[in-house]
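Thanks for coming. I will take a few minutes to walk through one model, and you can follow along on the screen.

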Amino acid sequence: MKAVPAKQKLETASLSHALHGLALPASVLKALQKRGIYCTPGVSLEHQHLAKRYVLRGVESGGAVSDMGRACAFVSPHGEPLPWLQSLDSIALNGRHAIFLAETLVRVEMLRTVRTCELAITLHTLSNVPSRNRPEVASTLLFRGRDGVLPIDLWKGEHRALRGKLTPIFYDRAGEVLALPQRFEEAIRKVTAAVCCVGCKHAHVGMPPVAGGLRP
């Protein structure tokens, strides 16, 4: 059996991470499930038969309890909020909130463990394949923040007014502050609010469709 080169393994893992979201240990996934936090960051390729085109599908989802939170949301490549196809109402908390369809999506995903946060921002586009009608999903990692620190306990009721105004502070390996991508700062602040929204039942980033139909 031919061994797979280490570089190829790394590239495959990187592509999988970009497409499916943060690569979390089984222990973390189990802890999230135990707390009833359900986040579905995967991006899928869908075909619209009437419009005769392919689009990407993403779901804004997640929420928090006091000691953990996980959420993902989708914006345009310029960082602007996207109109949802439909909002999702549910009796359950900390789950799916809205569905998005577009030819290009930027996913902002965050995990919070008490005050420590992980952040991944990824770009997803349609990539045409020669001799094939069905495109592929091309995913690119735009930003990765590790072990970011929240300055205060945003999940506590007395700090509710600050949600949507703060982000975790991320450092590089040398201890210098990492600058967040400017065009995504608002989305990052809102996703930070989502991972601190205990018993979340609403979308933090997406918005209702504009009058007259959906924007692409």
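I will start with the overall layout, then go through the strands, the cores and the salt bridges.

First, some ground rules. This is a predicted model, so local features need pLDDT of at least 70 and side-chain atom pairs count only at pLDDT 80 or more, while totals for chains, interfaces and linings use all residues. Residues are numbered from 1 along each chain as its sequence is written, and side-chain values use heavy atoms, with hydrogens and water left out.

On confidence: pLDDT is the predictor's confidence in each residue, from 0 to 100. The mean for the protein is 90, and 88% of its residues reach 70 or more. Over residues 1-14 pLDDT stays under 50, and for that stretch the model has one contact beyond four places in sequence. Contact here means heavy atoms within 4.5 Å.

Now the layout. The protein has three helices and eight strands, and from the N terminus the order is α-α-β-β-β-β-β-β-β-β-α. Helices (H or I, at least four residues) and strands (E, at least two) are DSSP runs, numbered from the N terminus. Of the 216 residues, 41% count as buried. Buried means under 20% relative accessible area, exposed means over 50%, and partly exposed is in between, with a 1.4 Å probe and protein chains only. Among contacts with a separation of 6 or more, 65% come from residues 24 or more positions apart.

Next, the strands. Two strands pair if DSSP finds at least two bridges between them. Most residues other than glycine have a negative phi, and most peptide bonds are trans. Lys52 is exposed, at a relative accessible area of 71%.

Further along, strand E6 (residues 104-113) and strand E7 (residues 116-127) pair in the antiparallel sense over ten bridges. Thr113 has Thr116 in E7 as its bridge partner. Two residues separate E6 and E7 in this hairpin, and Val114 in the turn has a positive phi of about 55°. E7 is also joined to strand E8 (residues 136-149) by eleven bridges, again antiparallel, with Ile121 facing Phe143 in E8 as bridge partner. In the loop between E7 and E8 sits Ser131. Ser131 is not a glycine, yet has a positive phi of about 70°, and Ser131 is exposed, at 82% relative accessible area.

What does helix H3 pack against? Its buried residues pack against strand E2 (53-64), strand E3 (68-75), E6 and E7. In H3 (residues 185-194), those buried residues are Ala187, Ile188, Val191, Thr192, Ala193 and Ala194.

That brings us to the cores. A nonpolar core is a set of buried Ala, Val, Leu, Ile, Met, Phe, Trp, Tyr and Cys residues joined through side-chain atoms within 4.5 Å. The largest one has 23 residues, and Val75, Val108, Met110, Leu119, Ile121, Ile188 and Val191 touch the most other members. E3, E6, E7 and H3 each supply at least two residues of this core, and the largest share, four residues, comes from H3. A second, separate core of 13 residues includes Cys39, Val43, Phe100 and Ala203.

Last, the salt bridges, each a side-chain nitrogen of Lys or Arg within 4 Å of a carboxyl oxygen of Asp or Glu. A search of the whole structure finds nine. One of them joins Arg53 and Glu103, with the closest N and O atoms 3.3 Å apart. Arg53 is in strand E2 and Glu103 in the loop between strand E5 (96-102) and E6, so the pair ties together parts 50 residues apart in sequence. Another joins Arg144 and Glu118, at 2.9 Å between the closest N and O atoms. Arg144 is in strand E8 and Glu118 in strand E7, 26 residues apart. Glu118 counts as buried, at 16% relative accessibility. Within H3, Lys190 and Glu186 meet in a salt bridge of 3.2 Å, N to O; these two are four residues apart, which means a separation of about one helical turn. Finally, salt bridges that share partners join Arg115, Asp153 and Lys156 into one network.
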